[in-house]
Amino acid sequence: MTQTPRRILITIAVLLLLLLLALILGVFTLESKWARGVVEQQLSERLEGRDVVIGSHSIDWGWPPVIRAQDITIANPPWASHDSMLVLDEVTITPQMGALMRGKLGLRKIDLQRLQVHLARREDGSSNWAPLMPESSAEEPTLLPQILTIKEGLLTYQDALLDTSITLDFNTTVDSAGDRQLVVSAEGYWQDRPLQFQTSGAAPLQIFDDDATYPLELEGQLGDLQLAFSGVAQDPLQPRNLSGTLTASAPASADIAGLLGRPDLRVPEFTLQGLIARDGQRWTLKEIDLQVADNHLTGELMRQGGKTPRYEARLRVDQLDLNRWDVVEYLNDKNDKNDKNGKQAEGVQEIPLAEGLAEQLAALRGFRGFQGKLDLSVEQLNYADETLSNVELQGSLNNNRIEIQQLQAVQGDGSVRLSGEVDFADKAVQGRIDVRFEQWHLGQALAAFGHGSLGTLQGDLQAHFVDGVLTLRNSTLAYDAPAQELSVELNADIAYISSTDAPGVHVEGSGMRFGEPFRFDLLMGPLLDMTAPAKSYPIKGTLASRDSHLKVDGTVTGPLQLVAVDAQFTLEGPNPARINKLTQLSLPSLPPYRIEGRLRWQDDILRLTNFTGGFGESDLAGDLRLRPGDRPKIWATLHSRNLNYDDLRLLWGSPPDIGPGEVASSRQERMARERAQSGRFFPDTSWSLDGLNRMDAVVNFSADHVNAKGLPLQELALELELHNGRLTLLPLQFGLGGGTVKSAIRIDTQQSQVSGMLDASARGVNLKPLLRVNFPDVASDSAGVLGGKVDLSFSGLSMADFMAGADGQVELAMSGGHLDMLAVEVLGMDAGEALVAYLAKADQVPIRCAYLRFESVQGQASLEQLFIDTDDSNFTGGGTIDLRTERIDVEMESHSKDMGFFSGNSPVQLTGTLGQPVVSMTSPELLARGVVSVIGLIVAPPLVILPWLNPGLGEGKGAGCGQVLEEYRTR
């Protein structure tokens, strides 16, 4: 209630005395209905026109005379729930005759029978008793009877503003010693909590005696909270002097936290006992004995009122278990701004650190003139799974100045100690805070709040507020986080970027992350500016790891939280992949690189925009976004005007390409050496999948021209998407030899083995410029135009695994070219030349068309169709290649179109392995021809040539160019 209980009872007493005085005067003046009407009218005017009714009045003449009045009612305003504010069945007044004889008005005794008073207040603060409030202390009831008796008294109080409804029953009783006592019992609710109490004291009139000591016994209950007081008070309605014993208790199920305005907290079962006292404006609670579950607290509290309120607390706790209070859950719920998907919850706006501190300091400024002192000692503090010991806090608040003499805690073998002072009387906050860390494990201390992976701190931190700006001075810190494979050592000191700027910080140091060293040297503006929380501060400096460097020059907002960064940057180094371990990204292997552009960090996204530069001899430009975290993701749009193929060889670890002047033989020798080292044609080295499984990416890349040592590549374009270990290149296309190659690649690394699909096609690819690079002699006369299709699925952990389990089809079709070029390119120099020697009559065999189709099932590749049409022969063939063992078993046969000698159609066998193919011509047909030739030599020597005579019937052998090319087009 906004008015004190004392003033409300004074209001009621004023009302009753006005009524009684009016009755007395009316009785002695004129005992008539007219006199009652005058009294009723005067009271009604005082009550702003409310009805006042006095049913009857009379006087018993005697010594002293006794005045009686019955059925007195005073109406309530229309908005009140009760019709009447006061209902009194009967009042009996006995005057003091001695006083009357001296011409003074005095009362000896007043008896009130069945008195009902109904008080009410609305949400807007207006009340039904306001018109009766005394305008000054002169109207307080100085005319009091010697004896007041109340029988069957009732008081109701309804307050919509406080959501309170109380009903009090009060009576005057006489104990066995003849002493009069006031007994009050009450029940109702306060803010949805049931309320009841009983109190007893001395005679009612002693309540109004400021000089009397009033014994008071009170027992009450608010919800499940039990309260009791036993002691004495002066002026108990508004005690300025009080002393006694206070006890309180509540079970664990009680909603005590709700009474304190913290409904999310849970207060365990507790019992409290102490000596409470008031002396004027000084309240004290001494000899506190508080038992909360297994925790025991002792000490004392003091409040000194006045223009400068002062509070003091000295508390000692043997063990404080915050888990019983749900403090951790309360703080986590309060600070949780994200939904289940990690996004900021709708309607919740995160307050930056600077603005949050500014708001808190603004709230503290509301306690201007407030003084307080706290001396707290906790032997053992438990929260979640953490235990701190020897926790001590000694501090004070004096005229908007916080002083911390000591704040310390011990954590196993570590400790933290803090001291300092902050003056926030003005907007320009001043002060310092010194912190000493001794192997303080942040992760252990903050694990309950989701930061268990943090490491340990060692060193000194000196934070200074200078005119509202936070900076550091002479600070040296070492941070070690084994779980994050991170360690940092730094020195920080105050610095000024320019003479007009506020003091900033110069931070330099070095560290290790995932075994990679790094160093930094940064000059930045203030860490925090309380006068301008949203201000951006300058930042300039270098971050480096080995030979890789990142230079920045721009601004940073909220350095302590890294809210935003906007700066120009230059990033350079020998190979982007060298910083993968440090950054936990999967950047590609490239030659020395350098890019520069604009760097922005906001909303947990790093953006590199409008950057230009290149790697090796290639240029590169575009935009890139990076979302760091446990699973980083990159979005990039990149473009190169001139892309050097040699600059990409590190992507797959290829050896340097052979120069244009290198002949085919040397190339074959190199390939032979490489295959001999591994023993296989397809490499069996296992791939590392960490990069694909560690991050996600969406990349669009295009290149106008590709310099590939003379290869006619141009207009390269690819769209790459990597998500949860699934890689998609759709499409990957480029121009090649006047034609176009299009492909789609899908690779899934989520399982124990990689699986994928390749769907590719080539159209109109001229082989002549392709072969000119490494086979200039072969390509000098002519080369064909190639087309092809590839549709394969594969799985494994290496290229050898992929081929060993390949399923699908490969088709190649060519028009034009020479057989010698085809054989040399496919089989290698030695085997190719042997094959041509067996099948052809000339060194160079022009090709009219060629078609090849392989079908592979689990690495068993079948040559379903082989047809080569030359000017003088048709070649057909078939067989298998076991891609698991790389064994070859293929036969080819030449069918001559013209009659001639020594051009037999015996099959040619291609065996061996893919790495070392072997060509032979031994067959039953060849042996039979040799036997017939020997017989012819014996019978008739001229017949010796008959078995080797070719009738020239090969024109119709095979499918023919028209059929195979049509088959290729329609498949």
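Mentor: Let us start with a definition: a salt bridge is a side-chain nitrogen of Lys or Arg within 4 Å of a carboxyl oxygen of Asp or Glu. Keep in mind that this is a predicted model, in which local features need pLDDT of at least 70 and side-chain atom pairs count only at pLDDT 80 or more, whereas totals for chains, interfaces and linings use all residues. Residues are numbered from 1 along each chain as its sequence is written, and side-chain values use heavy atoms, with hydrogens and water left out.

Trainee: What makes R324 and D294 a salt bridge?

Mentor: The N to O distance between their side chains is 3.1 Å, and the rule asks for a distance within 4 Å, so the pair qualifies. This pair links distant parts of the chain, 30 residues apart, with R324 in the loop between strand 17 (320-321) and helix 5 (327-335) and D294 in the loop between strand 14 (282-292) and strand 15 (295-304). The helices (H or I, at least four residues) and strands (E, at least two) are DSSP runs, numbered from the N terminus. By the salt-bridge rule the count comes to 21, and E300, R310, E312 and R314 are linked in a network of such bridges.

Trainee: Why is R324 called partly exposed, and why is D294 called exposed?

Mentor: The labels rest on relative accessible area, where buried means under 20%, exposed means over 50%, and partly exposed lies in between (1.4 Å probe, protein chains only). R324 has 32% relative accessibility, so it counts as partly exposed, while D294 has 53% and is therefore exposed.

Trainee: How do you know that D748 and R726 form a salt bridge, and which label does each residue carry?

Mentor: Their closest N and O atoms are 3.4 Å apart, which is within the 4 Å of the rule, so the name applies. D748 belongs to strand 40 (residues 739-748) and R726 to strand 39 (residues 726-736), and this pair, too, links distant parts of the chain, 22 residues apart. D748 has 17% relative accessibility, so it counts as buried, whereas R726, at 42%, counts as partly exposed.

Trainee: What makes F518 and F520 a stacked aromatic pair?

Mentor: Rings of Phe, Tyr and Trp (its six-membered ring) pair if their centres lie within 6.5 Å, and planes under 30 degrees apart count as stacked, over 60 as edge-to-face and the rest as tilted. The structure holds two aromatic pairs. For F518 and F520 the figures are 6.3 Å centre to centre and 25° between the planes, which gives a stacked pair. Both residues are buried.

Trainee: Why is S618 called buried, and what makes its approach to D647 a polar contact?

Mentor: S618, which lies in strand 35 (residues 618-627), has a relative accessible area of 5%, so it is buried. A polar contact is a pair of N or O atoms within 3.5 Å; within protein, one must be able to donate a hydrogen and the other to accept it, and residues adjacent in sequence count only if both atoms are side-chain atoms. The side chains of S618 and D647 are joined by such a contact at 2.6 Å, and the side chain of S618 also reaches the backbone nitrogen of N644 at 2.7 Å.
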